[in-house]
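Could you look over this structure with me before we discuss it further? I have set out my remarks as numbered points.

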Amino acid sequence: GSLAKKKNPNLEDTLQPILDQFQSGSEAKVLITTHHKPDADALGSSLGLWHFLKNRGIDARVVTPTDYPHFLMWMPGENEVINFEAETEKSADWVDWADYIFCLDFNHLSRINDLGVLVGNAKATKIMIDHHRDPQGFDAHRLWTVNTSSTCELVYEFIKRCNGLDELNKDISSCLYAGIMTDTGSFRFPSTSSSTHRIIADLIDN
C-alpha cells in the first residue's frame with residue numbers, strides 16, 4: 001500500500017501478475033539461483049525461498065554457479081543444492097526444465113559466470129530479487145531496491161506478497177535470519193532500518 005511506498009519509494013515491484021503461480025499446489029517448476037561464491041545472504045535467501053515454495057507443494061530446485069564456504073553448510077536444505085561447476089549437465093537440464101528462474105542477490109548475468117549464458121537464453125520467466133545498484137534488465141519481473149540491507153529481507157517481502165507469513169517455520173526463518181545478520185553487519189550497517197528489526201523479530205518468533 002501507500003505506507004510501503006512512503007517507507008521505500010525506490011522499491012520496484014512488478015511481481016503482481018505472477019504471484020498466482022506460487023500459490024499452494026501450483027504446478028510451476030521453479031529454479032532458484034544466486035551469485036558465484038555465495039555468501040550467507042545469497043544462500044540464505046535461496047534456501048529460504050526454496051523451503052517456502054516446497055512447503056506449498058511447488059517443485060523448486062536450487063543451483064549455485066560455484067561452490068560456497070563450509071561455514072554455510074549448516075543451512076537446512078543445503079544438501080539439496082547443486083553446484084553448476086561440479087554438475088554442469090544436470091544444471092543445464094534444470095535450467096531447461098524450469099518455468100520460472102528466481103535470480104537472487106545479483107542483477108547482472110555475468111555474476112553467475114557461465115551459468116548466466118544458460119539462464120539468459122532460457123525459455124523460463126526470470127524473476128530478480130536483489131538490492132544492488134544498476135540492474136542489467138534481463139528480468140521479466142522484479143522485487144528490487146538499493147534501500148534494503150539484504151536479499152533475505154526482500155524474500156521475506158516476497159513471502160508476504162504471497163500471503164505466506166503464517167507459513168514461516170524454523171527452516172525458512174533460520175535461513176533468512178542468517179542472511180540479514182550477515183548483510184547488516186549484525187545490524188551495524190546504515191542499511192539497517194526499523195523494518196529490518198521488525199522482520200528479524202518475526203523470524204525469531206518462528
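The points below concern a predicted model, and they go through aromatic rings, charges over rings, helix packing and backbone angles.

1. Aromatic pairs. The count of aromatic pairs comes to five. One of them joins F102 and F158 in an edge-to-face arrangement, with 5.4 Å from centre to centre and 75° between the planes. Because F102 belongs to strand 5 (residues 100-104) and F158 to helix 5 (residues 151-161), this pair ties together parts that are 56 residues apart in sequence. F102 is buried, with a relative accessible area of 0%, and F158 also counts as buried at 0% relative accessibility.

2. A stacked pair between loops. F106 and F138 form an aromatic pair that is stacked, the centres being 6.1 Å apart and the planes at 15°. F106 is found in the loop between strand 5 and helix 4 (115-121), while F138 is in the loop between strand 6 (125-130) and strand 7 (141-144), so the pair ties together parts that are 32 residues apart in sequence. Both F106 and F138 are buried.

3. Charges over rings. The charged end of R61 sits over the ring of W97, at 3.7 Å from the ring centre. For R142, the charged end sits over the ring of W144, and here the distance to the centre is 5.9 Å.

4. Helix 2 against helix 5. Helix 2 (residues 40-55) packs with helix 5 at an angle of about 15°, and the axes are 8 Å apart. Since angles under 35 degrees count as roughly parallel, helix 2 is roughly parallel to helix 5. The crossing of these two helices, helix 2 and helix 5, is right-handed.

5. Surroundings of H51. H51, which lies in helix 2, counts as buried at 5% relative accessibility. Leaving aside residues up to four places away in sequence, H51 touches P76, G77, D171, I172 and C175. Although H51 and P76 are 25 residues apart along the chain, their C-alpha atoms are separated by 8.7 Å.

6. Helix 5 against helix 7. Is helix 5 roughly parallel or roughly perpendicular to helix 7? Helix 5 and helix 7 (residues 194-204) pack at an angle of about 70°, with 11 Å between their axes, and helix 5 is thus described as roughly perpendicular to helix 7. Helix 5 passes helix 7 in a left-handed crossing. E153, Y156 and E157 in helix 5 meet S195, T196, I199, D202 and L203 in helix 7.

7. Positive phi angles. K37, although not a glycine, has a positive phi of about 50°. K37 is placed in the loop between strand 2 (29-34) and helix 2, and at 51% relative accessibility it counts as exposed. N113, likewise a residue other than glycine, has a positive phi near 55°. N113 is placed in the loop between strand 5 and helix 4, and at 31% relative accessibility N113 counts as partly exposed.

Conventions
Residues numbered from 1 in each chain as written. Predicted model: local features only at pLDDT ≥ 70, side-chain atom pairs only at ≥ 80, totals over all residues. Heavy atoms only, no water. Phe/Tyr/Trp six-rings, centres within 6.5 Å; stacked < 30°, edge-to-face > 60°. Helix = DSSP H or I, 4+ residues; strand = E, 2+ residues; numbered from the N terminus. Buried < 20%, exposed > 50% of the residue type's maximum accessible area, 1.4 Å probe, protein only. Lys NZ or Arg CZ within 6 Å of the ring centre and 35° of its normal. Axes fitted to C-alpha atoms, helices over the stretch in contact; angles between N-to-C directions. Parallel < 35°, antiparallel > 145°, perpendicular 65-115°, else oblique. Left-handed = near helix turned anticlockwise from the far one by under 90°. Contact = heavy atoms within 4.5 Å.
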